[in-house]
Amino acid sequence: MRADILFRGARIIDGTGSASFTGDVAVIDDRIAAVGQLGDWTANKVEDCTGLALAPGFIDPHVHHDEAMLTDPLLACMTSQGVTTVINGNCGFSIAPLTTARDLPPPISAIVSNDAPRFASYADYKARLDAEPTAVNAACLIGHGTLRLNAMDDLTRAADATETAAMCRQLDQALTEGGIGLSTGTFYPPARAATTQELIDVSSVLKSHGKLYVTHMRDEGDGVIAALYETFAVGRDACCGVHVSHHKCAGLANHGLSETTLKIIDDAMAKQDVGLDTTPYTASATMLNSGRHKQATRVIVTESEPHPEQAGRDLSAIAADWGVDLDTAVERLLPALGIFFIMDEGDVRRILGYEHTIVCSDGISKGSHPHPRVWGTFPRVLGHYVRDVGLMTLETAVRRMTSMPADRFGLKGRGRITKDAFADLVLFDPETIADAATFENPIQPAKGIARVYVNGRAVWADGQSTGTRPGRTVTKEQPVQVV
Ligand code: ZN
Ligand code: CU
């Protein structure tokens, strides 16, 4: 038998959580053709994988690269980490469908520029990506905040029946066209006035599509428990699975609370479909005017519209320079984004170590000073938390980055090294893999990632993008075609 690429002598971590083994993987075209001891195979290209691990490409279920797909199609921040599939449209904000001509308010303006092309339907966005592919595969959630912008003039109140019906129609169409679920972000001003009933009414569309309700909850701090119960209520009343995005317990007063929240999630899981993901950092990143700076031990300003020169500086240093208090400095910087040191390391480890938690970056690649998670998330888990801290086995961690998100979002044929699966693969050195991105210097490719393949084509090799863009748009329905 002859392969296009033959990986020889790799430590194969197949994505299921099973113990790794040394073996070979043959790739023909965009698929894995065989796995095992393939001594009788030849290949156009043989990769000697001695000392390296071969895993399914990582799936990042929570990113905000909706516009970056168009402006930065190589997405080195993703491929350099071993990520081969992303899910956009999170936190209530998707680039499509945008049928409104209005200026985009924060925080969607931090994800989608006002001068970005507007796609009136998800099908239009998908068609653009299919015509001009990126380096990674991409699915997209449909944002409730985006639907609100289309349906409502006044975002400071709950939707009425006509507006809700308009949102339902747009959602139904977008899901039919391949949107992978609904995301909400009731934490953010454009959706804060939405009632639980509005969320249930819009989510009722999900059932017939069998797709998920994915939420940046109303509160991740003092009100996180009530927000969890609201999320479960939406799932029960709308008859859909619910997924808690970037689960955290924010604020000094809530440090340690994950012991309780995980128990509550555990109990809910016994009764209904619940899932969650998280990022491996004690700092979050969000809008500056959320009041969050009052609960953080340190704040780094990452972007400020009136004061772009302050990007990357500590809020306390800016306030000191200006001779004002923190609140006044925040007022002067708005609209602005910041990084908030607001979580407890113990909570981060407890949530990351919880058996049902999926890994995500929650990355926005725009701006000069992003959160280091944009470039560092997956290697940070595999290097810092697996190898250095010993929080879980390498096989378990890889499972949370591959088969778990694939199964959760219905990405068939992805997330496992098995015959006939898509050849999304990452070759890395478990001894040296590490995140290099820091809060001071956040745009840094990780160490220890040797090569990354998407649909059988190398996208990252020898420390740089290959320039190849074999990514595809993926949806929940995509069948696995047996070769
Ligand atoms: Zn979010
Ligand atoms: Cu997000």
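This is a predicted model: local features need pLDDT of at least 70, side-chain atom pairs count only at pLDDT 80 or more; totals for chains, interfaces and linings use all residues.
Residues are numbered from 1 along each chain as its sequence is written. Local features need pLDDT of at least 70 and side-chain atom pairs pLDDT 80 or more, while totals for linings use all residues.

**Exercise 1.** Work out which protein atoms are the donors of the copper ion (ligand 2), and classify their arrangement.

*Solution.* 
1. Collect the donors (N, O and S atoms within 2.8 Å of the metal, or 3.2 Å for Na, K and Ca; water is not among the atoms, so sites may look incomplete). You get H62 (NE2), H64 (NE2), C91 (SG) and D362 (OD), at 2.1 to 2.2 Å.
2. Check the angles: they run from 85 to 161°, so the arrangement is irregular.
3. Now try burial (buried means under 20% relative accessible area, with a 1.4 Å probe and protein chains only). H64 and D362 are both buried.

**Exercise 2.** Describe the largest cavity by its volume and the classes of its lining residues.

*Solution.* 
1. Take the volume, the space filled by probe spheres set on the grid points: about 350 Å³.
2. Among the 31 lining residues, A285, T286, L337, I364 and R373 are closest to the centre. Lining means an atom within 4 Å of a point; cavity points, on a 1 Å grid over the protein atoms alone, are where a 1.4 Å probe fits but cannot get out.
3. Sort by class: 13 nonpolar, eleven polar and seven charged. Asp, Glu, Lys and Arg count as charged; Ala, Val, Leu, Ile, Met, Phe, Trp, Tyr, Cys and Pro as nonpolar; the others as polar.

Conventions
Chains are lettered from A and ligands numbered from 1 in the order in which they are written. Side-chain values use heavy atoms; hydrogens and water are left out. Four donors count as tetrahedral if all angles lie between 85 and 135 degrees; four count as square planar and six as octahedral if opposite donors are over 155 degrees apart and all others between 65 and 115; anything else is irregular. Buried means under 20% relative accessible area, exposed over 50%, partly exposed in between (1.4 Å probe, protein chains only). On a 1 Å grid over the protein atoms alone, a cavity is a set of points where a 1.4 Å probe fits but cannot get out, and a pocket is an open set with protein on both sides within 12 Å along at least five of seven lines; lining residues have an atom within 4 Å of a point.
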